[in-house]
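Visitor: Hi, I'm new to this one and would like to go through it slowly. Could you put it up on the screen?
Guide: Of course, here it comes.
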Amino acid sequence: MKKSVEKDLKKIEEKIEIDFKKLQFTEKNPNNNENMLKPPTVIKLLKINKRKEKLEKDLDFLEKNNLTQYNRTDPDAKLMVKPAHNLMAYNVQIAVDGKYKFIVATDISSVGQDTNQLYNMASKSKDVLGQEKMNIIADKGYYNTNEIKKCIDNNITPFLSTPKYKQPKGELFTADKFEYDEEKDCYRCPNNQELTKASFTQDRGGRTNSVYQGSASKCKNCPLREKCIPAKTACKRIYRWEHQKMLEQHQSKMETDKAKEIIKKRGSIVEHPFGTIKQTLGWTHFLVRGKVKVTGENALIMFTYNFRRLINLIGIALFKKVLKALKNGNIEAIKAEIVAYIAMLLHIWVYFLGRIKFYSYKEEKLSFRLRDTPFEHLLRFS
Ligand code: SF4
């Protein structure tokens, strides 16, 4: 990181300055016996100087290449901010199907934030699944109005909540205090003044916004002025994105109970593969370096997860049948058998869940009871 290089360099320069003063002092006072004022040995001075040269070289490299960070081991890896600790890493993206928890799309990004990943992952999944329409659930970190727009344009319905920004106390009125009148295409302020469209502007994200402006004379004499605009501003301005209506429709849809229920399912769907990959399969780090190689290793990891998931779902015997069917081109013939097999597994799973609840309530020994339960019995109970 450029900041830490600058900090270390400053520390070393300060240390060199102190050592230099100590040398001057010893020259003037050759009989000095105070340990604190003794200058460092020549070897130590050479070491410090070498370290300083190295840091200067690093800083020069970062400045010449206009970089704020650089990883010598893997230049493609970037600093990722995590709740526990920050680390140099890649941002692994996966899209998981909600029914069987297969990974349908994966990608590697060198950017720590997920804000530009929603459409990338959604469109990849849509292509893989070959669907006309699709729902995608993501967490708040993916919230980006441009990405939401791209998804909706491509028949993908995104389900993600809008991040809520807390307004600090004493701050000015927020945009939601100004009501939009679609018919008149203007905003109405808390003092009932109409803010009309005055110009257009483009923000840093490349979005075109209309600028709605109030009258300076009305704002000047308004009793709410202090709460509305800074002292030196003549009149109020509101910026409205050209696709704001689409965004508002999306936001009101996210407020429905149905949408909230769908969003709640996200964690249990997508964290399942991550949990299995890290805890069960033990892949917590990439073994290769460089984005191209890491992309390959990541694809292998995700493939292995999917393969394991498939075997867990249909078993080895049925998997062999699937391979034969694929070879002979008659996969349709065994589709019904696969569905029946999975349905049976689900029945058993539901039965076990019910038993776990029952035995934990009765505080009896679960392992003994389950071991002695005959298979047919399980099916009847489910
Ligand atoms: S300052 Fe202007 S925009 Fe704000 S509330 Fe008063 S009249 Fe309305």
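Visitor: How do the residues of the shell around the ligand divide into nonpolar, polar and charged?
Guide: Before the answer, please keep in mind that this is a predicted model, in which local features need pLDDT of at least 70 and side-chain atom pairs count only at pLDDT 80 or more, while totals for chains, interfaces and linings use all residues. Residues are numbered from 1 along each chain as its sequence is written, and side-chain values use heavy atoms, with hydrogens and water left out. The shell divides into four nonpolar, two polar and two charged residues. Here Ala, Val, Leu, Ile, Met, Phe, Trp, Tyr, Cys and Pro count as nonpolar, Asp, Glu, Lys and Arg as charged, and the others, Gly among them, as polar.
Visitor: And which residues surround the ligand?
Guide: The ligand is surrounded by C189, N191, Q193, C219, C222, R225, C228 and K236, where a residue is near a molecule if one of its heavy atoms lies within 4 Å of it.
Visitor: Switching topic, what domains does the domain assignment give for the protein chain?
Guide: It gives domain 1 (2-64), domain 2 (78-164 + 255-328), domain 3 (175-241) and domain 4 (331-382), with bounds that come from an automatic or database domain assignment.
Visitor: How far apart do the C-alpha centres of domain 1 and domain 2 lie?
Guide: Those two centres lie 50 Å apart.
Visitor: Now helix α8, which of its residues are buried?
Guide: In α8, which covers residues 257-264, the buried ones are A259, I262 and I263. Buried means under 20% relative accessible area, exposed over 50%, and partly exposed in between, using a 1.4 Å probe and protein chains only. Helices (H or I, at least four residues) and strands (E, at least two) are DSSP runs, numbered from the N terminus.
Visitor: Let's go to D19, is it buried or exposed?
Guide: D19, which lies in helix α1 (residues 2-28), counts as buried at 4% relative accessibility. The C-alpha atoms of D19 and P40 are separated by 6.8 Å, although the two are 21 residues apart along the chain.
Visitor: And where does N91 lie?
Guide: N91 lies in strand β3 (residues 91-96) and is buried, with a relative accessible area of 10%. From N91 to G112 is 21 residues in sequence and 6.1 Å in space, C-alpha to C-alpha.
Visitor: Last one, what about phi of N66?
Guide: Phi of N66 is near 55 degrees, a positive value in a residue other than glycine. N66 lies in the loop between α2 (42-64) and β1 (78-80), and N66 is exposed, with a relative accessible area of 71%.
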